[in-house]
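Subject: Structure for your review

Dear colleague,

Please find below the structure that I am handing over to you.

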Amino acid sequence: MNCLKIIFALTTFTLFNAQASDPRSGPDLSGISIPQSVDRLVSTEELKNVQNKCFKEKILKPLLLNFSPNRLDFLDNKNEYTLSSEIKASSSGVRFSVATDSYLNSSNSYLNSSISSPIMFKYKGKDHQLSSFSTLKIDFNLFVPESLYNHTILFIIGFDNLDQIQPIKFTLKSSIPLLEFAPGRDVEAFGELGEVSPKFIESDIRIAGKPSKNEKIYSSDTGQLTSLTLNTENYVNCLKSELANLP
Amino acid sequence: MIKSFILLTLFSFSIFSQINSQLICENESNFSSSFQKAITLTEKNKILNAKYDFLKSITFDIYTEYISNRISFFPEKNIFEVLGLECLSSDDQNELNQMLHSVFKEKTLDLIKSFGPKNKIFAELIESNKGQYFKLLGHYNEAAPNDKKAGFHRGNRSIFMNILKIPTNEWPIIFAHEHLHSLDIEMLKSVEEFSNQDLIKKLVTKAIAVPDLNFWSTEEKHQLHEWLTHGLNRGFLGEYRTWTMTLILYQEALMNQRIQKIPWIEKILANKPSHQKLDHYLLTYLSKKWTNPTNFPFDLKPISNSLIEIRKELLQEKYLPQLGTHFEAILSGKGANLNP
C-alpha cells in the first residue's frame with residue numbers, strides 16, 4: 001500500500017512539474033518560496049523551428065520581395081557563375097533553397113514549404129553529410145530538379161547551425177545567378193541540446209549574433225561580387241525574439 | 001538623383017526631435033517609388049540601406065519619446081496606431097518592431113551606465129553577454145506571457161518587459177532587476193540542481209516511508225537541506241539577492257540624481273532600521289511575504305519541517321546567503337565579462 005502511494009505520489013509530482021507554474025522570475029515582492037515547476041532549456045526541435053521560421057521570414061521573404069528573379073535585370077548572359085566560399089556546416093546538413101520566377105508569380109507561394117524547405121544535399125546521387133568534406137566542388141545540375149531548368153533561378157544557400165561546427169570549403173559553378181547566404185558566419189549557436197521537460201537538460205544555448213547588413217551577390221554591374229542588403233541583424237534578432245517567446 | 005534623395009530624406013528626418021508621422025509616411029512612400037524606379041543593383045541596394053537606417057532612426061525616436069514620458073501605450077492600440085504610423089507597410093512594421101527590442105536594450109544600458117560606477121559595471125556585464133534574449137512586449141501584436149511587468153525565464157534565460165505596465169521612471173530599475181536575475185549565479189546553478197529527478201524521487205520516497213526526520217541519516221538530511229536550499233534559490237532567495245542589488249543600483253542612481261524616487265520602493269526602504277544592513281533588512285522584509293508551498297511533496301513532514309528550519313536559520317545575519325560572483329563584482333567596483 002505504501003509502495004503504491006509512493007508511485008502515485010511520484011507520478012503526480014512529475015506530471016505537476018511538467019505542466020504547472022510559471023517558469024519566469026519577475027519583479028516579485030511576494031510569492032511561493034519554492035517555484036514548483038522543473039525548469040527547462042530550449043529543445044533541439046524548438047530551435048530548429050525557430051531557425052526555419054526566421055530563415056523564411058527574415059532571409060527568404062525580404063530577398064524574394066526585393067530581388068525577385070524577374071527583376072534581375074542586372075544579370076547578363078554569362079554562361080557560368082562561380083562562387084567559392086567557406087562555410088561552417090553542422091552534422092544536420094546544409095540547406096539549399098531554390099527560388100524561381102514561377103514561384104514568385106503564384107501569389108506569394110514562395111513562402112510555403114515547397115520553396116523554403118531544405119533540399120538536402122545530394123552529390124553523385126547520394127546523401128552527404130557536409131561535415132565529412134573538407135573541400136567540396138558542387139555541380140549545380142546534380143541537385144537542382146530538372147523541372148526548374150527553364151526558369152530564372154536564384155539559388156540560395158543556408159544551413160542549419162546546431163552543432164559540430166566545422167569549416168567547409170566549396171566551389172559552386174552554375175549557369176544561373178548564385179546567392180550565397182551562410183548565417184553561421186554571423187550567428188553562432190553554442191551548446192549541446194537534448195530532450196525537454198520534465199527531464200532537465202544540462203545544457204545551454206546562446207545565439208550570439210555578429211550582425212551584418214551586407215551579403216555578396218555576383219553582379220554584372222561590376223563583374224564582381226557586390227554587396228546586397230540581406231539583413232542578418234534581423235535574422236539574429238528574430239532568433240532571439242522567437243526564443244524569448246517560448247513557454 | 002537617388003543619392004540626393006537619400007541624403008535629403010535622412011537630413012529631413014533628423015531635424016525633427018519628435019516623431020513626425022506625416023514626414024515618416026511621406027518618406028515611406030518615396031522609398032517605395034524610388035525602389036520601383038531603381039534599375040541597377042547598386043541603386044536598389046543604396047535605397048534599401050537608407051530605408052533600414054530610416055527605420056532604425058524611428059526606433060531611436062520611439063525610445064527617446066518613451067523614456068522622456070512623451071508617449072503612452074494603450075492595450076487596445078498598437079504602437080503604430082498610437083504614433084499615426086499605420087502608413088508603414090506590414091513588413092516595415094514588423095522590421096521596426098524587431099529593431100525595437102535591441103534598440104530599447106542598447107539605449108537602456110547606455111542610460112544605466114550614466115547612473116554611477118556600480119550601475120556602469122552592471123551594464124557592462126550585461127553587454128558582455130551576447131547571448132541574452134530581450135523582448136519588448138505590450139506595444140505591438142504579441143501578448144505578454146503573464147500579468148507581470150517583466151520576467152526572466154529561468155530555463156532559456158530570456159527576458160521580457162511589458163511596456164504597458166511600466167511607468168517611464170521605473171523602466172531602468174525594472175530593466176536592471178530582470179537582467180540582474182540573469183547574473184545570479186546561485187540561482188542559475190540551483191535551477192539545475194533542484195530539477196534532479198533521481199534525487200527528488202529518492203527524497204520523496206524516503207519522506208513517505210520515514211516521516212520522522214530523526215530516523216534519517218546525516219547524509220540524507222544534508223541532501224534534503226541542499227535540495228530545499230536550491231529550491232529557495234530559484235524563488236525567494238533569488239528575489240532576495242536580486243532585490244538587494246536592484247535597490248543598491250537604485251540608491252546610486254538616486255544619489256546621482258539620475259532618476260526620481262519611486263514611491264513603492266521608498267516605502268520598502270522607509271522601515272529599514274539605520275543600524276541594519278540593506279541585505280539583511282531585505283531578507284527579513286521579503287521573508288514575511290514568501291510563503292512555503294503546502295502541496296505535495298512539500299506537505300510531507302520531513303520536507304515541510306526542514307524547510308521551516310532552513311528559513312528560520314536564514315534570518316540570522318551570520319547565515320546570510322552569498323550574493324554570488326557577479327554581484328560581488330558589481331559591489332566591489334571591479335569589472336567582469338561574461339564572454340571573456
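The notes below concern a disulfide, a serine and a pair of helices.

Please bear in mind that this is a predicted model.

The disulfide. Over all chains, the count comes to one disulfide. This bond joins Cys25(B) to Cys87(B), with an S to S distance of 1.9 Å. The torsion about the S-S bond is about -85°, so the disulfide is left-handed. Cys25(B) lies in helix H2 of chain B, while Cys87(B) lies in the loop between helix H4 (79-82) and helix H5 (90-113) of chain B; the pair therefore ties together parts that are 62 residues apart in sequence. Cys87(B) is partly exposed, with a relative accessible area of 34%.

The serine. Helix H2 of chain B, residues 21-37, also contains Ser21(B). Ser21(B) is partly exposed, its relative accessible area being 25%. Leaving aside residues up to four places away in sequence, Ser21(B) touches Leu83(B), Gly84(B) and Leu85(B). Between Ser21(B) and Phe80(B) there are 9.6 Å from C-alpha to C-alpha, although the two are 59 residues apart in sequence.

The helix pair. In chain B, the axes of helix H6 (residues 117-128) and helix H15 (residues 325-332) come within 8 Å and cross at roughly 140°. The crossing of H6(B) and H15(B) is right-handed. On the H6(B) side, Lys118(B), Ile121(B), Phe122(B) and Leu125(B) meet His326(B), Ala329(B), Ile330(B) and Leu331(B) of H15(B). By class, this contact has six nonpolar residues, one polar and one charged.

Yours sincerely,
A colleague

Technical notes:
Residues numbered from 1 in each chain as written. Chains lettered and ligands numbered in written order. Predicted model: local features only at pLDDT ≥ 70, side-chain atom pairs only at ≥ 80, totals over all residues. Heavy atoms only, no water. Axes fitted to C-alpha atoms, helices over the stretch in contact; angles between N-to-C directions. Helix = DSSP H or I, 4+ residues; strand = E, 2+ residues; numbered from the N terminus. Left-handed = near helix turned anticlockwise from the far one by under 90°. Contact = heavy atoms within 4.5 Å. Nonpolar A, V, L, I, M, F, W, Y, C, P; charged D, E, K, R; others polar. Buried < 20%, exposed > 50% of the residue type's maximum accessible area, 1.4 Å probe, protein only. Disulfide = S-S within 2.5 Å.
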